[in-house]
Amino acid sequence: MALPPEIPDELVDRTLEVPDLAGDEGAWTRHDALAVLASLGGTTVAVEAVTVCELAPVVHRPAVPAWAVRRVRSEASADYARRSRAGAARFIESYTPVAAEEVAFVLQFSMQDEAA
């Protein structure tokens with residue numbers, strides 16, 4: 001799966017190079033990750049997980065997401081998408097790096113047919 005087509009091209013063009021990204025993942029700076037989440041308002045695109053990667057001195061990607069959410073049984077697609085994006089945005093806004101290093105936020109999007 002590629003990144004959701006609802007993400008504007010200018011934000012897709014600003015994805016960061018992070019090793020081993022899956023097809024349903026993209027990495028951005030804090031500012032751009034929040035812009036991606038905002039751009040998805042009104043869609044059924046959900047964010048299932050956020051992983052924080054240190055960019056300097058070498059890219060380090062933990063194996064486990066720092067934040068994740070699951071769909072609640074019988075939750076409407078739009079409700080799940082809204083809840084997941086709001087939770088991801090709160091996590092990204094409040095995240096404080098352990099050191100002053102630059103970080104990337106890897107957003108894992110739900111499969112479109114699972115969110116729809």
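**Close-up views of a predicted chain**

Among contacts in the chain (heavy atoms within 4.5 Å) between residues at least 6 apart in sequence, 69% join residues at least 24 apart. This is a predicted model, in which local features need pLDDT of at least 70 and side-chain atom pairs count only at pLDDT 80 or more, while totals for chains, interfaces and linings use all residues. Residues are numbered from 1 along each chain as its sequence is written, and side-chain values use heavy atoms, with hydrogens and water left out.

**View 1. The whole chain, to get your bearings.** You will find 4 helices and 4 strands, which are DSSP runs numbered from the N terminus (helices: H or I, at least four residues; strands: E, at least two). Starting at the N terminus, their order is α-β-α-β-β-α-β-α. Of the 116 residues, 38% count as buried; buried means under 20% relative accessible area, exposed over 50%, and partly exposed in between (1.4 Å probe, protein chains only).

**View 2. Strand E2 and its partners.** Strand E2 (residues 47-54) has 6 of its 8 residues buried, so the rest of the structure largely encloses it. E2 runs antiparallel to strand E4 (residues 103-109), joined by 7 bridges; two strands pair if DSSP finds at least two bridges between them. Look for Val-52 opposite Phe-105 of E4. E2 also pairs with strand E3 (residues 67-68) in the antiparallel sense, over 2 bridges, and here Ala-49 has Ala-68 as its bridge partner.

**View 3. Arg-14 and Asp-32.** These residues form a salt bridge, their closest N and O atoms being 3.1 Å apart; the term means a side-chain nitrogen of Lys or Arg within 4 Å of a carboxyl oxygen of Asp or Glu. Arg-14 sits in the loop between H1 and strand E1 (25-28) and Asp-32 in helix H2 (residues 30-39), so the pair ties together parts 18 residues apart in sequence. Arg-14 is partly exposed at 40% relative accessible area, whereas Asp-32 is buried at 7%.

View 4. Within H3, Arg-82 and Asp-79 lie 3 residues apart, about one turn of the helix, and form a salt bridge with closest N and O atoms 2.6 Å apart. Arg-83 forms another with Glu-75, at 2.8 Å.
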